[in-house]
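Colleague: I would like to go through this structure with you and ask what the terms rest on. Please show it first.

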Amino acid sequence: MTDDKNVLIRVRGLKTWYPVKKGVFKHTVGYVKAVDDVDLDVYRGEILGVVGESGCGKTTLGKSILQLIRPYAGNVFYDFPEGEKDLMTMKKKDLDEARRRMQIVFQDPYSSLNPSFTIFGSMQEPLIRFGMKNKEERKKKIAELLQAVNLPEDYMERYPNEFSGGQRQRIGIARALSVSPEFIVCDEAVSALDVSIQAQVLQLLMKLKEEYKLTYMFITHDLSVVEYISDRIIVMYLGHIVEIADTQELFANTLHPYTEALISAIPVADINQRRKRIPLQGDVPSPVNPPSGCPFHPRCPKCQDVCKTKKPEPVTLMKNGRPHTVCCHLVKTEERKEKKE
Ligand code: SF4
């Protein structure tokens, strides 16, 4: 899957910074660096999990790739049938086709459904926008989409307040599917649901991925969900990617102390399987004034002197022919050699 030809989205040097303005003349005195210098590839057909605490930049990363937020700098190359194009240099009207190919499912589908519209009213909007003028055709399409997410087609005549959270999330997924996307960002898509409903929606997403040949970016703070659903995982901290690996490899051979702490906090039912919890001190620091050196150093239980002044560069180790990338001074040269063997 990690063949270069299979790359759907290539992100390079992505920075989503917001200016901090002060004074009467509103001079820019600094930037909130919500996403800072991110490089990543999204492969066709994969489920790429993105994890981290609140405020680490994962939602901003998803929205920046979709161009729902226009990033400050960097490139987002999308593989169109006619070849790769940079979404960052496209004009607004040219982005329309890219937006059809890339959709988002939000945590709270209620906020994205107009309460005064029936489900048909809300779901037909994207269809009209992308050229389906005939009302009967739209009805047929919406009936098919509701069936695809295991809801009866007559639900299209009802209003959002008549549904449970799980049903509304299914409608949100059906709406995202309506314009035949290739790539869907699921932003905390199951976080607000009860555990039993979460499992149903996750299974539905996996079924739809096969049926519609989709690629997902699955953003969540819940590592147990991401472990269950993802092929690969990105761990973010303070706008940076600190570790990327295949899911199994990340859990079996965790390299970054932040990832270790997140994994140690996953609740485990079997008392014999419980991991020793690694407590994290304090909160994620402000992205306006990030710490020097390694951004994680003020909270890192393994911090060394070098970490306070020198930012660790990403290092890619090969494990069974597969890359595992980490940003930490603790990953020493000897270890890199050992892991390559
Ligand atoms: Fe911790 Fe240093 Fe590694 Fe940063 S570079 S995660 S502070 S050990």
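Modeller: Start with the word pocket: on a 1 Å grid over the protein atoms alone, a pocket is an open set of points with protein on both sides within 12 Å along at least five of seven lines, while a cavity is a set of points where a 1.4 Å probe fits but cannot get out; lining residues have an atom within 4 Å of a point. Grid points are joined across faces, edges and corners, and a volume is the space filled by probe spheres set on the points. By that count, about 690 Å³ of space lies in the largest pocket. This is a predicted model, in which local features need pLDDT of at least 70 and side-chain atom pairs count only at pLDDT 80 or more, while totals for chains, interfaces and linings use all residues. Residues are numbered from 1 along each chain as its sequence is written, and side-chain values use heavy atoms, with hydrogens and water left out.

Colleague: What makes up the lining of the largest pocket?

Modeller: It has 31 lining residues, and Asp39, Ile241, Ile244, Pro314 and Thr325 lie nearest the centre. Strands E2, E10 (240-246) and E12 (322-326) each give two or more residues to this lining; helices (H or I, at least four residues) and strands (E, at least two) are DSSP runs, numbered from the N terminus. By class there are 15 nonpolar, 5 polar and 11 charged residues. Here Ala, Val, Leu, Ile, Met, Phe, Trp, Tyr, Cys and Pro count as nonpolar, Asp, Glu, Lys and Arg as charged, and the others, Gly among them, as polar.

Colleague: Which residues are around the ligand?

Modeller: Among them are His256, Cys294, His297, Cys300, Cys307, Cys328 and His329. A residue is near a molecule if one of its heavy atoms lies within 4 Å of it. This shell has 8 nonpolar, 3 polar and 1 charged residues. The ligand takes up the space of the largest cavity.

Colleague: Why is the contact between Arg12 and Asp41 called a salt bridge?

Modeller: The term asks for a side-chain nitrogen of Lys or Arg within 4 Å of a carboxyl oxygen of Asp or Glu. Between Arg12 and Asp41 the distance from N to O is 2.9 Å, so the pair qualifies. Arg12 lies in strand E1 (residues 7-22) and Asp41 in strand E2 (residues 27-43), so the bridge ties together parts that are 29 residues apart in sequence. The whole structure holds 18 salt bridges.

Colleague: How do you know whether Asp41 is buried or exposed?

Modeller: Buried means under 20% relative accessible area, exposed over 50%, and partly exposed in between (1.4 Å probe, protein chains only). Asp41 has 16% and therefore counts as buried. Arg12, at 27%, is partly exposed.

Colleague: What about the pair of Glu53 and Arg299?

Modeller: Their side chains meet at 3.0 Å, N to O, in a salt bridge. This pair links distant parts of the chain, 246 residues apart. Glu53 is partly exposed at 22%, and Arg299 is buried at 5%.

Colleague: Where do Arg100 and Glu97 lie?

Modeller: Both are in helix H2 (residues 95-101), 3 residues apart, about one turn of the helix. Arg100 is buried at 18%, whereas Glu97 is partly exposed at 34%. Both belong to a network of salt bridges that also links Arg44, Asp79, Arg101 and Glu182.

Notes
A molecule sits in a cavity or pocket if more than half of its atoms lie within 2 Å of its grid points.
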